[in-house]
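Here is a short briefing to read alongside the model. Please have the viewer open as you go through the points.

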Amino acid sequence: MLDRIKFLFARSLGACVVLLIVAVLVFALVHMASGDPIAVLLGDQATASDIAQVRTMYGLDQPLLTQFFLWIQQVLHGNLGTSIFLQKPVAEVLLERAEPTVLLATFSVAIATLIGVPCGALAAVWRGSRTDQVVSAVAMLAASVPSFWMGLILIRIFAVQMGWFPASGYGPPEANLAGHVYHLVLPSIVLGVLNSALIIRFTRASMLDTLGEDYVRTARAKGLSETTIMVKHVMKNALIPIVTVIGLTAALMIGGTVVTETVFNLPGVGGLVVRAVLRRDYPVIQGTLLVVAFIYVLINFFIDFLYTVIDPRIRLHK
């Protein structure tokens with residue numbers, strides 16, 4: 001129990017340091033970019049006096065160091081700032097856009113896992129066979145296909161020709177969750193299939209390493225069935241790298257769905273960030289990236305903790 005508390009404390013401190021570094025980098029990079037959000041907001045007809053007045057209203061006339069500490073102070077109080085263009089709190093804007101992105105990432109990871117783990121395991125068990133060759137070739141092909149191209153192909157086949165699924169959008173506002181999920185089928189398949197390639201390769205490599213261990217040969221010498229060997233000895237010990245790649249895939253999807261959201265016209269976080277960058281909407285860019293980084297750190301924290309559950313030989317304080 002004490003080891004677990006030490007583990008959680010150490011990882012929490014590490015996560016805070018990482019988030020602080022991310023906050024500094026995000027703030028610096030955003031303000032190093034060219035362009036003035038107030039000039040974009042007021043348009044070409046604005047005078048220098050108008051621009052200066054609005055800059056003062058948003059605190060953009062302050063030194064950068066002062067702006068940074070004011071922003072960090074707001075964040076520590078749970079306030080991510082107010083969007084310059086939407087005139088809404090950034091947290092409220094993010095919550096409005098979070099549902100499509102979170103559902104899309106969740107379904108995509110589920111599809112990628114359901115495809116990647118069994119296919120990788122089959123390729124490892126029948127290494128060198130026709131099955132292994134086909135799975136490896138499909139994984140390589142999936143890793144090479146651009147998401148926008150696959151999205152357009154699925155729209156052409158399943159939306160335009162067959163009419164099974166909608167080509168774009170997220171359903172009308174009055175639609176229930178099932179209606180929204182219906183609109184996410186095709187984009188989830190796109191991201192799920194493409195990301196399954198990495199899980200297939202990691203699962204295959206991890207299981208091949210485990211199949212060569214002495215305890216597997218010992219289990220076979222004892223006369224245990226192949227099913228028992230695979231489930232109790234091979235898969236269990238091969239899980240750590242598989243869990244790692246699934247967790248990293250989930251973390252990357254939270255902030256990496258921009259192209260797919262654009263192809264399927266989904267009102268998610270990706271589109272929000274793109275529009276914020278084009279408008280130089282500093283509070284939205286900073287707040288969104290910080291939240292994405294927080295989710296990424298949180299998932300890695302969970303993966304580290306899961307290691308100790310899967311393999312007790314991993315000591316909690318390391």
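Which residues do ring pairs link into a cluster? They are Phe27, Phe68, Phe69 and Trp71. Please keep in mind that this is a predicted model, where local features need pLDDT of at least 70 and side-chain atom pairs count only at pLDDT 80 or more, while totals for chains, interfaces and linings use all residues. Residues are numbered from 1 along each chain as its sequence is written, and side-chain values use heavy atoms, with hydrogens and water left out.

**Aromatic pairs**

- The structure holds 6 aromatic pairs, where rings of Phe, Tyr and Trp (its six-membered ring) pair if their centres lie within 6.5 Å, and planes under 30 degrees apart count as stacked, over 60 as edge-to-face and the rest as tilted.
- One of them joins Phe68 and Phe69 edge-to-face, at 5.6 Å centre to centre and with 70° between the planes.
- Phe68 counts as buried because its relative accessibility is 11% (buried means under 20% relative accessible area, exposed over 50%, partly exposed in between, with a 1.4 Å probe and protein chains only).
- Another pair, Phe158 with Trp164, is tilted: the centres are 5.9 Å apart and the planes make 40°.
- Phe158 is partly exposed, as its relative accessible area is 25%.

**The largest pocket**

- The largest pocket has a volume of about 360 Å³. A pocket here is an open set of points on a 1 Å grid over the protein atoms alone, where a 1.4 Å probe fits, with protein on both sides within 12 Å along at least five of seven lines. Grid points are joined across faces, edges and corners, and the volume is the space filled by probe spheres set on the points.
- Its lining has 17 residues, and those nearest the centre are Tyr58, Leu60, Trp71, Gln74 and Pro283; lining residues have an atom within 4 Å of a point.
- Two or more lining residues come from each of α1 (2–32), α4 (64–76) and α14 (282–310), helices being DSSP runs (H or I, at least four residues) numbered from the N terminus.
- By class, 9 lining residues are nonpolar, 8 are polar and none is charged (Ala, Val, Leu, Ile, Met, Phe, Trp, Tyr, Cys and Pro count as nonpolar, Asp, Glu, Lys and Arg as charged, and the others, Gly among them, as polar).

**Nonpolar cores**

- The largest nonpolar core has 37 residues, with Met207, Leu211, Val234 and Ile246 making the most contacts inside it. Such a core is a set of buried Ala, Val, Leu, Ile, Met, Phe, Trp, Tyr and Cys residues joined through side-chain atoms within 4.5 Å.
- Of the elements in this core, α11 gives the most, with 10 residues.
- Beyond its neighbours within four places in sequence, Val234 is in contact (heavy atoms within 4.5 Å) with Met207, Thr210, Leu211, Val216 and Ile229.
- Another core lies apart from this one and has 19 residues, including Val30, Ile51, Leu60 and Ile285.

- Ala219 sits in helix α10 and is buried, as its relative accessible area is 4%.
- Neighbours within four places aside, Ala219 is in contact with Leu224, Ile229 and His233.
- Most residues other than glycine have a negative phi.
- Gln87, in the loop between α4 and α5, has a positive phi near 55°.
- Asn265 also has a positive phi, near 55°, and lies in the loop between α12 (258–263) and α13 (269–279).
- Asn265 is exposed, as its relative accessible area is 52%.
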